[in-house]
Amino acid sequence: MKAIAIYHNKGGVGKTTTAVNLAAAFANKGKKVLLVDIDAQANSTFATGLIKFQFEEEDDLKDRNIFHIISAGDFNFIPRIVRRSKRFNTPEIDVIPSHIMLIDEQQRLTRIAASRLRLNMKLQQVEDDYDLVIIDAPPSRDLYAEIALIAADYLIIPSDLKPFANQGLSNVKNFVSEVNETRSSIGKQPLNVLGVLPSKVLTNNRYLEHVFPRQREAVVQRYGLPLLDTVIYERIALSNCVNNTLTMGNLEIPDPKSIFEFDADSESVKEFRNLSYEVMQKIGA
């Protein structure tokens, strides 16, 4: 089993889009995939069809989510918490959902040193059940991001390569260095940074010709990070697949899809297939 964290400390760079569609791409290749959502915004949980309820009293995630994984060491193991995605992809994937309750619980969990290691420990217990684990980390430098980077073997950093996103790469590097100290203390190798993934890239020809090459160059030369070859462009189908709805009576029910399920002939499908090939080659999966 190989675990890949998807992380950048800046939001709006395509992190969740990368996490869910890369997980779907691996599943479509016959891999056994677990998606872990540890971002309190729960965007990956929504994108995989697990938040179809409209009212708080219908919330069926509050008693089984990532909080329960990291709040206890001797119970609430992954087989009890995991869900199957709903109408998201063919085949569906296993998901450990997130929940807004993470925000309220962060201060308490931060005081418990063991909470940082529980996801790592519980993933090791199911290493024979999955080929690949994708961890969607929050766009911050907090406890939950630390937990994700401790548990992962590899890191992908999605970035639109715009000035603020690129400037944030220094913070990502420093955070990885700090996390590596904790990893060393528990006998784990340093986190393997697969690279910065250009995502939400504009398709404008003038931008691609004159600006994009300089932004890519800065990642390598100024920030010293590797750059993935695959580029995920900003496309309408990729935006619409997560906003898909289903009409039931008088209600519009969220019915998000992977890009593979939403538009199998789209350019975005080719891009995520390319990304899955590139990642599998780099990690030997």
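Q: How much space lies in the largest pocket of this predicted model?
A: The structure here is a predicted model. Rolling a probe the size of a water molecule over the atoms shows where empty space is left. For the largest pocket, the space comes to about 550 Å³.

Q: Which residues lie nearest the centre of the largest pocket?
A: The lining of the largest pocket counts 29 residues.

Q: Which element supplies the largest share of the lining of the largest pocket?
A: Four elements each give at least two residues to this lining: α1 (15–28), α2 (43–47), β8 (232–233) and α12 (236–242). The largest share is five residues. Its source is α1.

Q: Which residue in β5 is the bridge partner of D37?
A: Strand β2 (residues 33–37) runs parallel to strand β5 (residues 132–136), joined by five bridges. Along this pairing, L35 stands opposite I134. For D37, the partner in β5 is D136.

Q: Which residue in β4 is the bridge partner of V36?
A: β2 also pairs with strand β4 (residues 94–96). That pairing is parallel and has three bridges. Within β4, V36 has as its partner I96.

Q: Are the two faces of β2 covered or open?
A: Five of the five residues of β2 are buried. On one side these are V33, L35 and D37. On the other they are L34 and V36. Both faces are therefore covered.

Q: Why is strand β1 (residues 2–6) described as largely enclosed by the rest of the structure?
A: A residue is buried when its relative accessible area is under 20%. β1 has five residues. The strand is largely enclosed because the number buried is four of the five.

Q: Which residue in β6 is the bridge partner of A5?
A: β1 is joined to β5 by five bridges, in parallel, and there K2 stands opposite L132. β1 also pairs in parallel with strand β6 (residues 154–159), over three bridges. In β6, A5 is partnered by L155.

Q: Which residue caps the N-terminal end of α7?
A: Helix α7 (residues 143–151) is mostly covered, with nine of its nine residues buried. Y144 is among them. At the N-terminal end, a side-chain oxygen lies 3.2 Å from the backbone nitrogen of Y144. The capping residue is D142.

Q: Which residues does E105 contact, leaving aside neighbours within four places in sequence?
A: E105 sits in helix α5 (residues 101–110). Its side chain makes a polar contact with the side chain of R108, at 3.1 Å. With neighbours within four places in sequence set aside, the contacts of E105 are F67 and Y144.

Q: How far apart are the end C-alpha atoms of helix α14 (residues 267–283)?
A: The helix has 17 residues. At 1.5 Å a residue, it should span 24 Å. The model agrees, with the end C-alpha atoms apart by 25 Å.

Q: What phi does G284 take?
A: I283 is one of the buried residues of α14. G284 comes just after this helix. Its phi is positive, at about 70°.

Definitions and conventions
Residues numbered from 1 in each chain as written. Predicted model: local features only at pLDDT ≥ 70, side-chain atom pairs only at ≥ 80, totals over all residues. Heavy atoms only, no water. Polar contact = N/O pair within 3.5 Å; in protein donor to acceptor, adjacent residues only side chain to side chain. Contact = heavy atoms within 4.5 Å. Buried < 20%, exposed > 50% of the residue type's maximum accessible area, 1.4 Å probe, protein only. Pairing = 2+ DSSP bridges. Expected span 1.5 Å × (residues − 1). 1 Å grid on protein atoms, 1.4 Å probe; cavity = no way out; pocket = protein on both sides within 12 Å on 5 of 7 lines; lining within 4 Å. Points joined across faces, edges and corners; volume = space filled by probe spheres on them.
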